Amino acid sequence: MHSTSVSGECLSDGRVCLEDEVLLLLQLKSSLIFNTAASNKLVSWIQSADCCSWGGVTWDATGRVVSLDLSSEFISGELNSSSSIFSLQYLQSLNLANNTFSSQIPAEFHKLGNLTYLNLSNAGFSGQIPIEISYLTRLVTIDLSSLYFITGIPNLKLENPNLRMLVQNLKKLRELHLDGVIISAQGKEWCWALSSSVPNLQVLSLYSCHLSGPIHYSLKKLQSLSRIRLDDNNIAAPVPEFLSNFSNLTHLQLSSCGLYGTFPEKIFQGGCLETLVLSVTKFSGKLPNSIANLKRLARIELADCDFSGPIPTVMANLTQLVYLDFSHNKFSGAIPSFSLSKNLTLIDLSHNNLTGQISSSHWDGFVNLVTIDFCYNSLYGSLPMPLFSLPSLQKIKLNNNQFSGPFGEFPATSSHPMDTLDLSGNNLEGPIPVSLFDLQHLNILDLSSNKFNGTVELSQFQKLGNLTTLSLSYNNLSVNPSRSNPTSPLLPILSTLKLASCKLRTLPDLSSQSMLVILDLSQNQIPGKIPNWVWKIGNGSLSHLNLSHNLLEGLQEPLSNLPPFLSTLDLHSNQLRGPIPTPPSSTYVDYSNNRFTSSIPDDIGTYMTFTVFFSLSKNNITGIIPASICNAHYLQVLDFSDNSLSGKIPSCLIENGDLAVLNLRRNKFKGTIPGEFPGHCLLQTLDLNGNLLEGKIPESLANCKALEDAVTVTSKGQEMELVKVLTLFTSIDFSCNNFQGDIPEDIGDLKLLYVLNLSGNGFTGQIPSSLGQLRQLESLDLSLNKLSGEIPAQLSSLNFLSVLNLSFNGLVGRIPTGNQLQTFSENSFAGNRGLCGFPLNVSCEDATAPTFDGRHSGDGGNATTNMLMEFFQGFSIRKTKEEKVVEEEVTEFGGGECSTDEEGRDHWP
């Protein structure tokens, strides 16, 4: 080696950087592609400059490079095998992390035999990790982490060589970081590979490595472990208790691993843990009081588990806590005091079953608290107003609780950092406090679904110039939308505005809102026509528009082009007239409950390429369903009910394997059910009630095993409108058509059926005895058919049956005796001349043979279909706070007949 200097002396003993080393670095720089504007290190490598000023380079006393840190230097391109970096023979530390090399890891790394530290994490390398890495026997720390969501480059692999081969020579290894590397090993395999090769390992980080479990007992040999991270693998087993034997363990991260059971209490007895992350696992049971032993605990995350019971009050003793997340569990009881944990920056107890009041005295001295999230619990009492005085607090989320009383005034300054305030879904009342308008850093303000009252000037919110979200919906507020200068934006960066049920009587002028994405003005009293400027809101960025439940009468003509990114258009329940407006290329379009009059445009399907939900129900639509509807390949919900549509049902609607809801009730469709239900049928609702359909029910209906949740059914002589059903409710409703044939025996296999309504058809044959297997059945209506024979004795075992209608058939014989059947009135059996016995006032000696009066069409026949229609299992088309389950319980029939229109069509009155 030569000892010629470059410029200046930078070494402590007066010697200079060796020229050969300098030249190698300059060659390296010239071979690399990097962003000179973003670089902080490579740009400083100038031959005329002092070598001691070169960024990322550490020289030893002899003038050799011993450490090179080129992390986050925006380097791209290939690191090839001839790179001068592999000639830096004295390198002990090399960091190339966070770059975008587009190559495999070169095998030439084995030439750097003095390396003790190697960091290639998220550097853009892909493919198989070369075996040559295992030749670096002096390594103490290696980090080859490769996370796709950071780099966008396919992950590294450790398959051949595998993990065992990589670490078998690395006896000095203390830290192993392979996050995101695809290892794909079973529990015993990867645990044994580590315990047999790296006995002094202290840090083990194998996040998202496609590992399987269980964690093998051989891992307990690694008694020096202080940090374990195994998140996002498929361990799928309980946590082994031997982890409690790691006396030096400070960090344990096991989230999203499929772990289950009760978390070992012994682990809480060690006093060294500083970080405990168990989120998104299946741990259950109570959190033990022994958690108080973790005196050093600073971070604990138990989100999305199944913990229950009270949060231990002894947590008040954890004085070092900085971050606490117990969200999405089943914790109950009161929120304990954290008054000694003054270092807390985040407390998230959202989505639990917590009750009680929040003491205002608990929050003194929390000068570092940034986020508090108690949403979706059952907390009550008045708002803890001292929270609003905490100097660092940025986010307060107390929504969806039971807080009541006023939202009082509070000390606020324009410099307060609060950016999120969500108090929605409570019982707060009174006026909106004036001090709220001093929080000028607010981005999100949601006061919806409370009982706030008074008049609010929309112009007041112009003081909050940083607002991106404003929601005042569903209060007792009267919002005045008038402004002195309507041509200027209300709020310059507003993206979400929700003023539903705010007593608006005019449409706010939002034509200058250039960034608005979501607009909800539903449930007001806005009259007139929808102006064309509505479609230009946000300069084309508008994605959600809800103007439903107003007094709107039409759309301004000529209609402007609708926004290109409008994914939701809800205009239902207005007084809109005229032809159906061409739907935008939206995923959700609701025109229902208006006064549209026209046929469905022939080309409507060409505009529904990405439509998932489309409803025209309760209008005055005539004509047929055009064939172009078959172009709506992503359609999941189609509701054309309560119109005057005619013709045949397009077969594509039956053959569409993705359709979940098809509601065509109360139209004039004729013919048979066309086509075949596909083998992968996903139908959840099929409602054809009140049409002119005939023939037999296709056997392929049995493929639709997901049938659940109808929009409406006819049950107990009443219509039940079920928007959201919280408990299992299964129903079959084929009433008021001209279906024929036998009632299939297989219907008795639907063990969870609650409602069965086949009334008003032409079914023949006997009542299947298998109906006695429907032990959950509460309502059975077979009236107005041509059924014959005796009532099966098995029906007397239906103990939950509260409604029965077998009237107007040709049934004969004695009504079976039994506790349940004897509770119904004679109306349940009327119109069957051959029936006798209680509750009819006809003795079996006087009974006559039945005759039919020709009220029904149909020629009978045999049906062997399995009508597998399980409705009502928690499916919801849309849900707001105002939409509730409406389920009318009627103890006696009020009707139970199909009336006949001018075409001879049977339907319910």
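Residues are numbered from 1 along each chain as its sequence is written, and side-chain values use heavy atoms, with hydrogens and water left out. Because the model is predicted, local features need pLDDT of at least 70 and side-chain atom pairs count only at pLDDT 80 or more, while totals for chains, interfaces and linings use all residues.

## The open sheet

Helices (H or I, at least four residues) and strands (E, at least two) are DSSP runs, numbered from the N terminus. Two strands pair if DSSP finds at least two bridges between them. Strands of a sheet pair through backbone hydrogen bonds, either parallel or antiparallel.

An open sheet is formed by 11 strands, in the order 40-42-44-46-48-50-54-56-58-60-61, and the pairing is parallel. The edges are strand 40 (577-578) and strand 61 (834-836); each has a single partner strand, so one side of each is left without a neighbour in the sheet. Inside the order, strand 56 (residues 762-765) runs parallel to strand 58 (residues 786-790), and 2 bridges join them. In this pairing, T764 stands opposite K786 in strand 58.

## The disulfides

A disulfide is a pair of cysteine sulfur atoms within 2.5 Å. How many disulfides does a search of the whole structure find? The search finds 3. They are set out below.

| Pair | S to S distance | Torsion about S-S | Hand |
|---|---|---|---|
| C17 and C51 | 1.8 Å | about 75 degrees | right-handed |
| C630 and C652 | 2.1 Å | about -85 degrees | left-handed |
| C836 and C844 | 2.2 Å | 90 degrees | right-handed |

The sulfur atoms of C17 and C51 form a disulfide. C17 lies in the segment before helix 1 (19-31), and C51 lies in the loop between strand 1 (33-34) and strand 2 (57-59), so the pair ties together parts that are 34 residues apart in sequence. For accessibility, buried means under 20% relative accessible area, exposed over 50%, and partly exposed in between (1.4 Å probe, protein chains only). C17 counts as buried at 1%, and C51 is buried with a relative accessible area of 1%.

C630 and C652 form another disulfide. C630 is in the loop between strand 44 (620-623) and strand 45 (637-639), and C652 is in helix 5 (residues 651-655), so this pair ties together parts that are 22 residues apart in sequence. C630 is partly exposed, with a relative accessible area of 31%, whereas C652 is buried at 17%.

In the link of C836 to C844, C836 is buried at 3% relative accessible area. C844 counts as partly exposed at 25%.

Two further cysteines are buried: C375 has a relative accessible area of 3%, and C502 has one of 0%.

## Helix 4

An α-helix has 3.6 residues a turn, so residues three or four places apart point the same way. In helix 4 (residues 187-197), the residues G187, W190, C191, A193, L194, S195 and S197 are buried. Contact means heavy atoms within 4.5 Å. The cover over the buried residues of helix 4 includes helix 3 (163-167), strand 11 (175-177) and strand 12 (203-205).

## Rings and charges

Rings of Phe, Tyr and Trp (its six-membered ring) pair if their centres lie within 6.5 Å; planes under 30 degrees apart count as stacked, over 60 as edge-to-face and the rest as tilted. A search of the whole structure finds 21 aromatic pairs. One of them is Y588 and F613, whose rings have centres 4.2 Å apart and planes at 10 degrees, so the pair is stacked. Y588 lies in strand 41 (residues 588-590) and F613 in strand 43 (residues 613-615), so the pair ties together parts that are 25 residues apart in sequence. Y588 counts as buried at 13% relative accessibility, and F613 counts as buried at 6%.

The rings of F610 and Y634 have their centres 6.1 Å apart and their planes at 25 degrees, so this pair is stacked. F610 is partly exposed, with a relative accessible area of 49%. Elsewhere, one aromatic cluster is formed by F263, F268, F283, F307, F326 and F331.

A charge sits over a ring if NZ of Lys or CZ of Arg is within 6 Å of the ring centre and within 35 degrees of the ring normal. The charged end of R64 sits over the ring of Y90, 4.3 Å from its centre. The charged end of R229 sits over the ring of Y207, 4.4 Å from its centre.
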